[in-house]
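Subject: Structure handover

Hello,

The structure we discussed is below, and my notes on it follow. Please read them with the model open.

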Amino acid sequence: MTKKQAIQLFQERKVRTAWDDKEEKWYFSVVDVCGVLTDSKDPTAYWRKLKQRLKEEGNETVTNCHALKMRAADGKMRLTDVADTEQLFRIIQSIPSPKAEPFKQWMAQVASQRIDQMQDPELSIDQAIIDYKRLGYSDAWINQRIKSIEVRKELTDEWKRTGVQEGLEYASLTDIITREWSGFTTKQYKHYKGLKKENLRDNMTNLEIALNILAEASATEISKDRNPKGYNAQTQVAKEGGSVAKAARKQLESKLGRSVITKERASDYLLPESTDNDK
């Protein structure tokens with residue numbers, strides 16, 4: 001069973017979700033939904049009380065809910081109760097909120113979009129472009145970011161083909177590539193930019209994204225050429241892929257007389273009205 005997590009937006013409010021490839025359905029964080037519908041300052045406590053009441057009433061929906069590890073506000077993966085669309089509809093019926101009906105419509109739309117995207121992957125790219133435009137990114141930056149997603153997918157497909165395990169091994173190889181070309185691990189890079197739970201790539205400049213693309217694309221091509229087997233063999237490939245981008249970075253920096261690794265992040269160059277809406 002493979003669950004791909006994603007942040008969905010309902011009226012600018014974040015809802016953690018996970019798509020189950022095997023069951024072909026979305027799972028939604030119940031706590032996040034409670035927060036959206038009630039505007040509670042402590043949605044976790046709200047859900048705890050509601051859950052207890054529903055259990056006492058013999059509500060089977062609550063009994064059938066299960067927990068998934070999702071990224072919490074502190075950036076760590078923590079277990080949280082999730083519900084599929086059908087279960088969530090029933091839970092929402094127990095939450096008095098004027099947002100209930102609009103939220104149900106939004107849920108149906110999310111489910112429909114995912115089915116459409118499975119049939120036509122270009123729709124996922126189109127949606128990503130719309131989301132980035134809404135946040136205020138430039139067309140040039142968006143084009144780079146979409147290309148970086150494509151290159152990253154090709155790299156992870158190659159890792160999977162050669163026996164690398166998703167999760168810690170993917171993260172470790174990513175760190176090797178990033179450290180080789182930038183001088184930072186992913187965590188160090190985020191700290192340098194003053195980021196916490198934000199996505200590092202969404203906060204890279206055009207040049208930083210371009211170098212990261214070069215590093216990952218190089219690692220992919222080297223892997224295809226050598227056909228290494230497993231994580232240990234891929235560590236050397238990751239280092240060599242990163243070194244290609246490192247050489248390009250050093251050459252460019254010698255021409256510019258400055259580092260292309262910057263503390264600049266999205267909040268420094270997004271449109272003011274977009275950053276305000278995103279808070």
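D39 is partly exposed, with a relative accessible area of 47%; partly exposed covers the range between buried, under 20% relative accessible area, and exposed, over 50% (1.4 Å probe, protein chains only). D39 lies in the loop between α1 and α2, where helices (H or I, at least four residues) and strands (E, at least two) are DSSP runs numbered from the N terminus. Its phi is positive, about 60°, although D39 is not a glycine. Most residues other than glycine have a negative phi. N227 also has a positive phi without being a glycine, with a value near 55°. N227 sits in the loop between α10 and α11 and counts as partly exposed at 33% relative accessibility.

This is a predicted model, in which local features need pLDDT of at least 70 and side-chain atom pairs count only at pLDDT 80 or more, while totals for chains, interfaces and linings use all residues. Residues are numbered from 1 along each chain as its sequence is written, and side-chain values use heavy atoms, with hydrogens and water left out.

Overall figures

The protein chain has 13 helices and five strands. Of its 279 residues, 43% count as buried. The accessible surface of the chain comes to about 15800 Å², and 50% of that belongs to carbon and sulfur atoms; the areas come from the Shrake-Rupley method with a 1.4 Å probe, and for residues only the protein chains shown count as cover. Taking contacts (heavy atoms within 4.5 Å) between residues at least 6 apart in sequence, 57% join residues at least 24 apart.

Nonpolar cores

A nonpolar core here is a set of buried Ala, Val, Leu, Ile, Met, Phe, Trp, Tyr and Cys residues joined through side-chain atoms within 4.5 Å. The largest has 33 residues, and Y137, W159, I177 and W181 have the most contacts inside it. Two or more residues of this core come from each of α6 (122–135), α7 (139–161), α8 (168–182), α10 (206–226) and α11 (230–256). Another core, of 26 residues, lies apart from it and includes V31, V36, A83 and L88.

W181 has contacts beyond its neighbours within four places in sequence; among them are Y189, M204, L211, A215, A245 and I261, as well as E208, K246 and R249.

Helix packing

How do α7 and α8 pack, and at what angle? Their axes are 12 Å apart and the angle is about 125°; axes are lines fitted to C-alpha atoms, for helices over the stretch in contact, and angles run from 0 to 180 degrees between N-to-C directions. The two helices are therefore oblique to each other, since angles under 35 degrees count as roughly parallel, over 145 as roughly antiparallel, 65 to 115 as roughly perpendicular and the rest as oblique. The crossing of α7 and α8 is right-handed; a crossing is left-handed if the near helix is turned anticlockwise from the far one by less than a right angle, and right-handed if clockwise. On the α7 side R152, L155, T156, W159 and K160 take part, and they meet Y170, L173, T174 and I177 in α8.

The axes of α7 and α10 come within 9 Å and cross at roughly 25°, which makes α7 roughly parallel to α10. This crossing is left-handed.

Individual sites

R201 is in the loop between α9 (186–192) and α10. Is R201 buried or exposed? R201 is buried, with a relative accessible area of 15%. Not counting residues up to four places away in sequence, R201 touches W141, R145, R152, T174, I209, N212 and E216.

G136, in the loop between α6 and α7, is buried at a relative accessible area of 9%. Its C-alpha atom is separated by 9.2 Å from that of A266, 130 residues apart along the chain.

Helix α1 (residues 30–38) is mostly covered, with eight of its nine residues buried. Among these are V30, D32, C34 and L37.

L54 belongs to helix α2 (residues 43–56) and is buried at 0% relative accessibility. Leaving out residues up to four places away in sequence, L54 touches N59, V62 and S94.

Regards
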